[in-house]
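Good morning, and thank you for coming.

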Amino acid sequence: MNELHQHMIQAPLKEVYRKYLVNSVFASLATSLFIFFDTLFLGQGVGSAGLATITFSMPILLVFSAVSSFMAYGGPSVFAVELGKNNKEGAANVFSLGLNCAIVSAVACAVLCLLFLKPLCALMGASGEVLPLVTTYVGILVASQPFMAVSACLGAYVRNDGQPRLSMIATIGSNLFNITFDLLFILVFRWGVAGAAIATALSPLVTIAVLATHFTGGR
């Protein structure tokens, strides 16, 4: 057991709770800001059709979010229990299994959704001139779901491995990237809903890059 894990076990409960609470709250606030600006920029750059695109896309995207959350909360909880038992091998096995399951599930769901993309978007109520916008927006985001699943899982595992601050930094960095490129792609380059989707699709790569530093230097 390294010094970080030992400190987590021996430190007062209030200190550990406060450490995780503060970082989680700031990460959630950053995500809320991203959603706000994403909607704002789409409304300004595309108009009512852009807002309608988000509305019709949300049910499909929430299903993918639920799958990612399922993997990002179950596995890391077992991982934390194994760390508490000082079972490094068990924790490593849980990490590998959880990450692989997240990737396989995300890829399977993405392929299934892309095969029936237009009928699914129509089923959500999209029609007329909005339907092509919804299929474009959803198609790009669905194709990036494996990266989103990996970023969600890594964030949870790194947080439970004693690095809630690094997980928070990764989330905030990803959301700031998303907001910045939303502004560029939608209002400057005029790429419309495709620009918003591309910015969101690329943002998990920022999260993964930041969290990857946790696996260097023996941490």
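The protein chain has nine helices and zero strands, where helices (H or I, at least four residues) and strands (E, at least two) are DSSP runs numbered from the N terminus. This is a predicted model, in which local features need pLDDT of at least 70, side-chain atom pairs count only at pLDDT 80 or more, and totals for chains, interfaces and linings use all residues. Residues are numbered from 1 along each chain as its sequence is written, and side-chain values use heavy atoms, with hydrogens and water left out.

Along its principal axes, the C-alpha trace of the protein chain spans about 60 × 30 × 30 Å. Of its 219 residues, 42% count as buried, that is, under 20% relative accessible area with a 1.4 Å probe and protein chains only.

Let us turn to helix α3, residues 48-84. At 1.5 Å a residue, its 37 residues should span 54 Å, and the end C-alpha atoms are 51 Å apart, which agrees; the expected span is 1.5 Å times one less than the number of residues. Within α3, a kink of about 45 degrees lies at Met-58, shortly before the proline Pro-59. The bend is the angle between axes fitted to the seven residues ending at a residue and the seven starting there. Just after α3, Asn-86 takes a positive phi of about 65 degrees.

Finally, which element gives the most to the lining of the second largest cavity? Helix α8 does, with four residues.

Notes:
Buried means under 20% relative accessible area, exposed over 50%, partly exposed in between (1.4 Å probe, protein chains only).
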